[in-house]
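Please read them beside the sequence and the structure.

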Amino acid sequence: MENKEKFFTDFNNGLHRLGRVTLVAMVIILGTIPFVMSVYFNTPIDGAGFWAGFAKVIVVYFPVSVVEFLVYAPMLGVGGSYLSFITGNVTNMKIPVAMNAKDIAGTEVGTPEHEIISTISVATSAIVTTLVIVAGVILLVPLQPVLQNEALLPAFNNVVPALFGALGLKYFAKSPKIAVIPLLLISVLCIAVPSMISQTSILIIPSGGLALLIGFLLFKKGKI
Amino acid sequence: MNEYLSQVNSGFFYLIVALALTFMTVMCVIFLVKSYRAGVKLGMDKKVLKKTITSSATFTLLPSISILLGVVALSGSLGVPFSWLRLSVIGALQYELNVAEIAAQSLGLPGLKVDMMDTGKFVTVALVMTIGILGGIFISIFFLKKYLNKVRSKPKKENTSGKPGFGAHATTAMFVGLCAAYIGAYIGQAIPRAGSDIMPLLVAIIAAIVMAVFEYFIQKKGKLVLENFSLAASMLIAMAAAVLINMVL
């Protein structure tokens with residue numbers, strides 16, 4: 001038993017080392033790609049535009065990253081966490097896959113067996129996803145002239161409204177009590193001050209904050 | 001054919017993305033092999049380990065197709081190679097599109113409009129999307145070991161109320177706020193006056209209706225398999241509707 005515990009501790013320490021090294025390598029690779037593109041196109045990155053966009057993104061998404069990390073890491077274990085956070089699609093893919101594998105193998109979260117099963121399931125899932133998307137991308141290449149046809153421009157110009165229409169229905173139906181006030185306020189603001197319409201990147205900050213506050217008050221009152 | 005799209009779909013980018021994804025796949029294979037061997041050493045049944053691999057592979061197939069549909073949706077604005085990269089590494093469709101929209105607005109555009117994009121704007125949007133999503137990675141690099149050790153050594157607290165904490169609702173509330181901001185802006189944009197545009201609101205409504213139909217079958221009829229496609233399919237149907245609406249308007 002003691003040997004098993006020691007083996008598992010050593011194994012986990014090895015995964016931490018490997019995970020950190022590969023994550024750092026991946027950060028360097030990913031961070032370099034936009035600069036390579038910039039050189040390839042012979043066009044500079046807009047520094048002011050980058051910082052303005054980055055500041056808004058970090059305000060919204062850094063707290064989400066922290067919450068996801070705190071909630072999901074114990075469910076995924078060491079190897080599963082490193083792989084999930086680098087391969088993405090955590091909520092919609094990696095967590096369900098890891099939980100499905102846990103049920104099939106009959107392991108308990110927090111045990112060495114669960115850590116092994118979780119890592120195997122997440123790694124398999126990431127490899128399969130990559131292969132499926134590679135196959136899809138190969139099929140997409142000959143379709144490029146169709147996808148780039150001017151007639152399809154309205155479709156791709158409205159990809160964001162399509163996303164938020166679908167997501168909005170899902171989230172508003174889940175939490176109508178949280179949704180009503182932010183939706184009304186933002187609508188009234190955009191009707192009264194048309195210049196705000198093109199400033200959704202700023203509007204999401206007060207709207208998100210207000211929704212969080214309303215959610216917290218409803219939670220405290222036991223209404224959600 | 002749009003010149004910008006031809007440029008962001010160049011063969012060179014396919015090569016770069018393929019190299020980055022090869023590195024990531026090798027990483028997955030190493031983790032898989034190491035864990036499988038450790039499982040065997042710990043005395044786990046090989047049949048269970050193999051079953052985990054096959055069931056995870058089959059379980060992943062349908063959601064992977066959904067991610068592929070996301071690549072199609074994103075490729076019309078950012079090209080196939082970058083969409084392929086973003087939806088294969090760290091990202092998810094909801095994040096990528098929202099961040100691309102934020103980045104485009106920060107560059108002075110009204111939003112992620114293909115006909116207003118050029119390669120200069122593209123590289124800046126690409127950098128915001130890439131750096132903006134690295135939060136979880138940096139947290140993992142610096143805190144994962146400490147956090148998991150702490151969780152493991154801490155005795156499990158009994159939840160006397162039997163109710164999940166606010167953390168479970170916080171992310172949902174955040175996304176409700178996010179959606180409210182966009183839908184509210186589309187409502188404002190649809191009001192008839194100079195510069196108004198009803199298309200984004202119509203597309204959002206169509207996507208919501210299609211999503212409602214999916215939700216009906218998922219929640220009421222128990223067709224859980226549809227959950228894998230509901231978001232991407234709702235979006236693609238609404239986007240197709242945009243082409244038809246454009247012809248009519």
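1. B:W84 sits in helix α4 of chain B, where helices (H or I, at least four residues) are DSSP runs numbered from the N terminus. With a relative accessibility of 7%, B:W84 counts as buried, a word that stands for under 20% relative accessible area, with exposed meaning over 50% and partly exposed in between (1.4 Å probe, protein chains only). Between the C-alpha atoms of B:W84 and B:Q105, which are 21 residues apart along the chain, the separation is 23 Å.

2. This is a predicted model, in which local features need pLDDT of at least 70 and side-chain atom pairs count only at pLDDT 80 or more, while totals for chains, interfaces and linings use all residues. Residues are numbered from 1 along each chain as its sequence is written, chains are lettered from A and ligands numbered from 1 in the order in which they are written, and side-chain values use heavy atoms, with hydrogens and water left out.

3. At what angle do the axes of helix α4 of chain A and helix α3 of chain B cross? The axes of α4(A) (residues 112-140) and α3(B) (residues 46-78) cross at roughly 40 degrees and come within 7 Å, the axes being lines fitted to C-alpha atoms over the stretch in contact, with angles from 0 to 180 degrees between N-to-C directions. The two helices are therefore oblique to each other, since angles under 35 degrees count as roughly parallel, over 145 as roughly antiparallel, 65 to 115 as roughly perpendicular and the rest as oblique. By class, their contact has 18 nonpolar, 9 polar and no charged residues; Ala, Val, Leu, Ile, Met, Phe, Trp, Tyr, Cys and Pro count as nonpolar, Asp, Glu, Lys and Arg as charged, and the others, Gly among them, as polar.

4. Two asparagines of chain A deserve a look at their backbone. A:N42, in the loop between α1 (2-41) and α2 (47-87) of chain A, has a positive phi near 55 degrees and, at 71% relative accessibility, counts as exposed. A:N89, in the loop between α2 and α3 of chain A, also has a positive phi, near 50 degrees, but A:N89 is buried, with a relative accessible area of 3%. Most residues other than glycine have a negative phi.
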